[in-house]
Amino acid sequence: MEISVIGTGYVGLVTGVCLADLGHQVMCIDIDKEKIGTLKQGISPIYEEGLSDLLKKNISNKNLSFTSDYKEGLRGKEVIYIAVGTPQAMDGSADLTYVEKVCKSIARYLENDAIVVTKSTVPVGTNEWIKQTIEGNLQKDIEIKIVSNPEFLRQGSAVYDTYHGDRIVIGSEDAEALNILESINADFSIPIVKTDLRSAEMIKYASNAFLAAKISFINEMANLSERIGANIDHVAAGMGMDKRIGNAFLNAGIGYGGSCFPKDTRAVISIAKEADYEMPILENVVDSNERQRGIIVDKMMSRFERLKNKKVAILGLAFKPETDDIREAPSISVTEKLLEAGAEVCAYDPAARRNAEKVLSNKVAYADSVSEAITEADIAVILTEWKEIKKFPIEDYKKYMKSPIIFDGRNCFTLEEAKDSGAEYHSIGRPV
Ligand code: UGA
């Protein structure tokens, strides 16, 4: 099919590249000319495993092209995906400014009937508003059909998730549009859920909110386990064997971050408020996650009383491994709390340094390796479970630190390893 994808963030770009790889004719549109210039040369602005190869392959076989010109990008297209960002507005709701601009551009430049598919995470009811906004600004007599097709891929495994996701959700009030989307997606060999527009929009928010709640739940169980002498690793393993619970997303830590869970949980609360409904569970999930970010610093405070002039090595800044993204990363608030307490911070992250520098500037020093960061440090704090950080032998900390004291916010080592290493080891939800 003739497809265009608007927005070349990680959702839009991965969608465009994978649809091209299925054999569709895909044109990706982005107003960022510099980005389009780079993409035209086959260079991906983001790192996602496998993306670069697929990008080059589909540019050279002419299934994939890029433009910043809407007129060119929409010409003759039968299906148009909207995949622009919906950041968080000041009041916690989703900011639809970019989506609105896209709708107006579609209305202005589209010259034929088309199906508009929303990939962006948007509040319930937005797809109806998208239809009205496009139709209200159309300059030709053409027909627009709307489909909601929320995205469930994770940053860091976006290409893999596109081909191996658990489900594809498509929602529409138009049976023909649903059938066309079903046939486009059939080649992914993933179960397809067909539903109405509002339910599709809700599935996305409900899924992210549920996963955020699952993380906050296990974090609270971890905090309680510490107090009563249980080990959260064993508790989570035992719980996860119950198929109704499932063993994924039961890793206790310093709280969830990233560009999705924090924004989407707040957006659901805001949608509920508009519907005159309260969501006490979710409100507590948000508060619980906020509290979790401070817990590791509280532990250091109670161990040392004062952190003033203590040398603290931070290991990991990204909100999760395999990404350079620090949006809403717990590391940022942990670092700020340490700085407020007067600590001297030196941070190491295998990929996120450049992004962290933009936020933390020169208030912290940066190291180029785990060993450099912990050299002469009083305390080492693990905030992201990068392979490199997990693999750095715990017994080596004493080679570099005056006296090894580790606060591990991601439970990277077993208690046995910690005990054998001779380091003082504090983790999440396990006895010291
Ligand atoms: C999340 C969802 O997992 C995707 O399905 C969804 O498509 C995406 O949001 C989105 O809405 O676009 P992502 O934000 O890339 O994906 O990251 P996750 O792998 O879900 O991790 C989110 C946060 O939860 C990270 O900070 C991670 O460290 C934390 N986490 C995850 C835990 O603390 N414990 C766990 O057991 C799992």
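Biologist: How are residues numbered, and what is the mean pLDDT of the protein?
Modeller: Numbering runs from 1 along each chain as its sequence is written. This is a predicted model, where local features need pLDDT of at least 70, side-chain atom pairs count only at pLDDT 80 or more, and totals for chains, interfaces and linings use all residues. As for pLDDT (the predictor's confidence in each residue, from 0 to 100), 100% of the residues reach 70 or more, and the mean is 96.

Biologist: How far apart are the C-alpha centres of domain 1 and domain 2?
Modeller: The protein splits into domain 1 (2-195) and domain 2 (234-426), with bounds from an automatic or database domain assignment. Their C-alpha centres are separated by 34 Å.

Biologist: How many residues does each domain bring to the contact?
Modeller: Contact here means that the C-beta atoms of two residues, placed from the backbone, lie within 7 Å. On the side of domain 1 that touches domain 2 there are four nonpolar, six polar and one charged residues. For classes, Ala, Val, Leu, Ile, Met, Phe, Trp, Tyr, Cys and Pro count as nonpolar, Asp, Glu, Lys and Arg as charged, and the others, Gly among them, as polar. The totals are eleven residues from domain 1 and twelve residues from domain 2.

Biologist: Which helix gives the most to the shell around the ligand?
Modeller: The ligand has 20 residues around it, with Gln 155, Asn 251, Tyr 256, Gly 258 and Cys 260 the closest; near means a C-beta atom, placed from the backbone, within 6 Å of the molecule. By class that shell holds ten nonpolar, seven polar and three charged residues, and each of domain 1 and domain 2 supplies at least three. Helices are DSSP runs (H or I, at least four residues; strands are E, at least two), numbered from the N terminus. With three residues, the top contributor is helix α9 (residues 197-228).

Biologist: Is Asn 411 buried or exposed?
Modeller: Asn 411 sits in the loop between β13 and α18, and its phi is near 45°, a positive value in a residue other than glycine. Most residues other than glycine have a negative phi. Since 22 other C-beta atoms lie within 10 Å, Asn 411 is buried.

Biologist: What is the phi of Glu 322 near?
Modeller: Glu 322 belongs to the loop between β9 (311-315) and α13 (330-340). It counts as partly exposed because it has 18 C-beta neighbours inside 10 Å. Its phi is positive too, near 65°.

Definitions and conventions:
Buried ≥ 20, exposed ≤ 12 C-beta atoms within 10 Å, placed from the backbone.
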